[in-house]
Each structure stands twice: as C-alpha cells, then as structure tokens.
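Here is a short briefing to read alongside the model in your viewer.

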Amino acid sequence: MTGKSRSFPRLTGYGLAALMVLTLPTQVLLAQEKAQGDDSTEGVTRRRELPPLTAQIPPEEALAAIKRRAQKILEARRAARRLKFSGELSTAVAYETNPGTASDHKGDTSLEPNTYMLLSKKLTPALTWQGTYYGTYLQYVRYHSGDYTDHIITPLKLQWQPGRVWRLESWMDLERNQYRDDARDSSYKQIKWTGRIRQNLFKSWYHQLQYEWFGRDYTHKKARDGAGADTETYRKDARYRFRHKVGTTVKKALLSVENDFYLNESNDARNDYYDYEVWKINNSVSGSLTKKLYLSGSFAFERKNYRERPVSGLVVARYDDKYTLSSSASYDLNKTWRLAYGLTFDHLGSNEPTGEYDNAKHSFTVTAKF
Amino acid sequence: MLPIRVIPIIGCAIGLGLSQPSLYAADPAKRLSSGNTPPIEKQPKNSEEKAWWIEPLPVPFDPELESLIVEVQESLITLNKQMVRRKERLKDTEDPSVKAQLYEELEALRKEQTELEGLLHQLVNEAKISQRTEIDEALAKARWLEQQQERWYQKEELLRDRQE
C-alpha cells in the first residue's frame, strides 16, 4: 500500500532523467548519421563511409540508462512486497434500546475503543502472508454485565492469488474474551480455523465457499450433567460452519447473497441447551455513492433449531427466528480519518415467549488509519 | 435472405469480435506481443487467457508501470533501428576494419537487446501480478462492514446464551 505510493514519485524523477539521457544521444546519433554519410536519392540511402558512431555517442550509455531505470522500477516493486505494517484505531459510541436482549427494554449507551494492526508480506508473487491483531474494550454506562475486553490474534493467514479468477485463503484466529466478574461465565478462549475459496466469474460475478471450525473453552463456566448440576469440567463448545456466497457488481454497487449453515455442539448435558443447528440467509448491497461516501444495507433471516432444549412447560424443542436489518454509511474525511454511522435492528421471535426480544443499535464510529 | 434466427447469432458473433480488442487492450502482455513492437518471449498460456469470456474485469493497471513498459518498448525499437542501420552499413562497406568494428557493435547491441527484453519481460510480469479485479476491490471495501456485523452477531449470541 504505502511502499508503492511512496516510491513512484521518486521513480518518476529518475525516469525523466533517464529519458533525457536516452533521447538526447539517440537524436544526436541520428542527426550525425544524416549529416556525415548520407547520399540519399529518392529514399535509397548510400553511405560511402561509416561514421564513428561508437566513438562519439556510445549506445551502451543510452541503454545503460534505460536498464537502470527499469531496474529501479523493479526494485521498487520488490520493495513494495517487503514486510508492511498498517492499522486502525477507532472508537465507537453506540446506543442500544435493549443491550441485554431481554424482554424488558432498558436502553443504554456504550463506548468501544478498538485497535487493529496488520503485518503482511508477499512470500511469492501470488502468495501473501498476513498476521493481525484486533483488540477491543466495550463498556456500557449502566449495563455492566455486557462489558468485556476481547483480543484476537491471527498469526497465520495465507492468501493465494494465482490469477484473476481464483482466490484461496486460510487463517487461524486465537481469541481471548474476558467479561467482568459479575458476568464472567461468558468469558472464553477460542481457536478458530477458516478456509475460503473464491472464484471470480463472468467479468463481474463471484461465488465463494467458506468453512469454519472453532473450539471454544469457557474459562469460568462449568458444564452441567443431565440433571443440571455442575460437573468438574468446564464448558466446551465446537462449531462447524459452511457458508456459500454469490454476488455481482452492478456499476459501483456490490450485491451478495449468503447461505450459511452451522452446527454447535457443547459438553453441557442439561437438556442439550447449547446444541443446535442454524440456517441463515443474508442479502446485502453496498457501494460508493461518491468517492468518499460508502453506503451499505443488509437483511438477514436466521432459524436456530435447538436439538433438545425444551420450551417452558412443553415437551417440544425450542426454535428461534431472528430478523436483522442493518444499514451503514461511512465517509472518508481524508486518507487518515473516517467517520461511520450504523443502524442495526434485531427482532427475535421464538416458540419460547420469554426469549423474544427487539433491539436497535445506533452507532457512530471515528477511525484513524495508519 | 438470411433466416431470422441466424441474425441474432451473427449479431452476437460481431459483438464478441468487437469486444475482444478492448479485452486485449487491458492486458499489457497481449498488447506487447502485437503490432510493431519487438517480440518478447511468449508468456505461458494458462486457462484464464483461453477462457477470455469468463475473465473478470480488471481494475485499471498501475499507470507508472504501464508507461515504463511503453518506454522500454520504444527503447527496444530504437535499439532495433540501430542494429538495422549497422547491418545496412555492413552491406555497403568493404573496409575490413570498419566491418570488424560494426560486428563488434552489433554484438554489443544484440547483448543489450537481450538484456532489455529480459527486463521488459519482468515488467510485464509485474503488471500481470498487480492485476486486481473489480470484484476484489468491491469485496475489500465491504470487508470492514462484514467484520463489524460478525462481531455484533457474536456478542449478541453470547448474551442470548445467558438466558436459561
């Protein structure tokens, strides 16, 4: 990113100098040839004697200048492939109408500073390595059970881009999430692996298949036995997720549809509370309205079928239907600063009436890129 | 008179024919190997080049690199002209010392030409590597928002889990 942009103005300078070196001798050379040896008659050139070409204007000099310039460009391009560092610092101020996702609505405001850092290096022209860190701290004004810190390190992400058509990516995330003491049962550590393959098609279409697996260890919450008593082991979850996405660009807008399926399995045996399967479909549209203004909108529907978790007072398993409508606008003030506003609305319907809720979130984010 | 079903087919064929130059125009490797430019080593043909109709649209190339490629091409043309001139002189002259000097110069020019063509080849490869498609650009722009949504979803899921 930066290596390329910084090196080219310099190269342009070298280029002009080299061009002068190149063009001057060539012109002089041609002029000399004409003056010294030409005996032209109607396009037929006859020269009685050879002018001392190499003695006066050595062509090697001109050629060396060309080569020097090409080498400099190539070196600059190679330099751009060396280890790069970039990142973002941002703070989001948000208001949620129902942050606790409870039936009784208690709105609250939150502040969420976060940071993102990226190291990347092209290992070969088509293969890139990335390492990233993402850290965030979420704090509510009153709803402190929702406060947490989260760290995600991605030490190994590989991207293979052999041409214009195929894109292959694979990475591993290590995450540590820590809630406050009064909600520490939600704290966990997690390892996640993702593999993704994309095919760019038909000039402006693509489709993408993604597989994710994660193992999550809850650091404070004990797994329960069938009777609901805590066991000696901590709760552990595993998730297997398949996602397929297809989309296209229409003018400057990107339209995508994603189908998503995953299974969650847990060692908590109490009515298999945390064993479920989820089907989800997400439709999104996004694009630049102007050079600096970027808009997006999406609508998602999700069905969560619990394997066994019973509805209160009944013997049927619970299911949830969730609808999410979201939109956002981001504006690049300059190369460093970006402002964004987002609105998300969730509605959860369920055959378990106590689990139903609505939540709307307004957020305003300021981001500095470096 | 052509049957009415054939006309759209011909139309499509003309359309495809017309669209090909614009596709080649976007690819420096193809542009370099056509017209008056000196031949360069053939690029290894892959399936993408053959299946041009499924090839995603590239975003504009790096203009700096493109202009350098053109300049190096022009330099090669100049170099070729110099070689042609010397060959003409060789035909005309009988002087052995001049001939010897010309052969020496030609050899040097040929060597330089080979080196320069090698550089051109590398530059063209660089241009090919740096190709990104419109889809790549659009998805890269949407990634930030996607990640925001993922995090929002994950947080919400944890809170839902608390409800017994």
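This is a predicted model: local features need pLDDT of at least 70, side-chain atom pairs count only at pLDDT 80 or more; totals for chains, interfaces and linings use all residues.

Chain A has 3 helices and 14 strands, while chain B has 6 helices and 0 strands. Between them, the two chains bury about 7,700 Å².

**The two chains**

- Chain A is 370 residues long, and 45% of these residues count as buried.
- Taking contacts in chain A between residues at least 6 apart in sequence, 52% join residues at least 24 apart.
- Chain B has 164 residues, of which 41% count as buried.
- Read from the N terminus, the elements of chain B follow the order α-α-α-α-α-α.
- For chain B, 72% of the contacts between residues at least 6 apart in sequence join residues at least 24 apart.

**Where chain B meets chain A**

- On the chain A side 103 residues take part in the contact, and on the chain B side 69 residues do.
- Of the roughly 7,700 Å² that the chains bury between them, 49% is on carbon and sulfur atoms.
- B:Arg89, B:Trp152 and B:Arg160 together supply 10% of the area that chain B buries against chain A, more than any other three residues.
- There are 10 salt bridges between chain B and chain A.
- One of the salt bridges pairs the side chain of B:Glu150 with that of A:Arg243, at 2.7 Å from N to O.
- Polar contacts between chain B and chain A come to 23 residue pairs, with both residues at pLDDT 80 or more.
- On chain B, the side that touches chain A draws at least two residues from each of α4 (63-92), α5 (96-129) and α6 (134-162).
- The element that gives the most to that side of chain B is α6(B), with 25 residues.
- Sorted by class, the side of chain B that touches chain A holds 30 charged, 28 nonpolar and 11 polar residues.

**A run of antiparallel strands in chain A**

- Strand β4 (residues 148-160) of chain A runs antiparallel to β5(A), and 11 bridges join them.
- A:Thr149 has A:Gln178 of β5(A) opposite it, and the hairpin of β4(A) and β5(A) has 5 residues between the strands.
- β5(A) also pairs with β6(A), again antiparallel, through 12 bridges; here A:Trp166 stands opposite A:Gln199 in β6(A).
- From β6 (residues 188-201) to β7 (residues 205-224) of chain A there are 14 bridges, and the two strands run antiparallel.
- A:Tyr188 faces A:Tyr218 of β7(A) across this pairing.
- The hairpin of β6(A) and β7(A) has 3 residues between the strands, and A:Phe202 in this hairpin takes a positive phi near 45°.
- β7(A) is joined by 15 bridges to strand β8 (residues 230-250) of chain A, in an antiparallel arrangement.
- A:Arg216 has A:Asp237 in β8(A) as its bridge partner.
- Between β7(A) and β8(A) the hairpin leaves 5 residues, and A:Gly228 in the turn has a positive phi of about 95°.

**The two faces of β5(A)**

- In a regular strand, side chains alternate between the two faces of the sheet.
- The covered face of strand β5 (residues 166-179) of chain A includes A:Arg167, A:Glu169, A:Trp171 and A:Asp173.
- Its uncovered face includes A:Trp166, A:Leu168, A:Ser170 and A:Met172.

- Is A:Thr367 buried or exposed? A:Thr367 counts as buried because its relative accessibility is 1%, under the 20% cut-off.
- A:Thr367 is found in strand β14 (residues 357-369) of chain A.
- Beyond its neighbours within four places in sequence, A:Thr367 is in contact with residues including A:Glu88, A:Leu89, A:Trp337 and, from the other chain, B:Trp144.
- A:Phe242 lies in strand β8 of chain A, and is partly exposed with a relative accessible area of 47%.
- Leaving out residues up to four places away in sequence, A:Phe242 touches A:Gln210, A:Tyr211, A:Asn259, A:Asp260 and A:Phe261.
- A:Phe242 and A:Asp260 are 18 residues apart in sequence, and their C-alpha atoms are 5.9 Å apart in space.

Conventions: Residues are numbered from 1 along each chain as its sequence is written. Chains are lettered from A and ligands numbered from 1 in the order in which they are written. Side-chain values use heavy atoms; hydrogens and water are left out. Contact means heavy atoms within 4.5 Å. Buried area is the accessible area (1.4 Å probe) that two parts lose on being put together, summed over both. A salt bridge is a side-chain nitrogen of Lys or Arg within 4 Å of a carboxyl oxygen of Asp or Glu. A polar contact is a pair of N or O atoms within 3.5 Å; within protein, one must be able to donate a hydrogen and the other to accept it, and residues adjacent in sequence count only if both atoms are side-chain atoms. Helices (H or I, at least four residues) and strands (E, at least two) are DSSP runs, numbered from the N terminus. Ala, Val, Leu, Ile, Met, Phe, Trp, Tyr, Cys and Pro count as nonpolar, Asp, Glu, Lys and Arg as charged, and the others, Gly among them, as polar. Two strands pair if DSSP finds at least two bridges between them. Buried means under 20% relative accessible area, exposed over 50%, partly exposed in between (1.4 Å probe, protein chains only).
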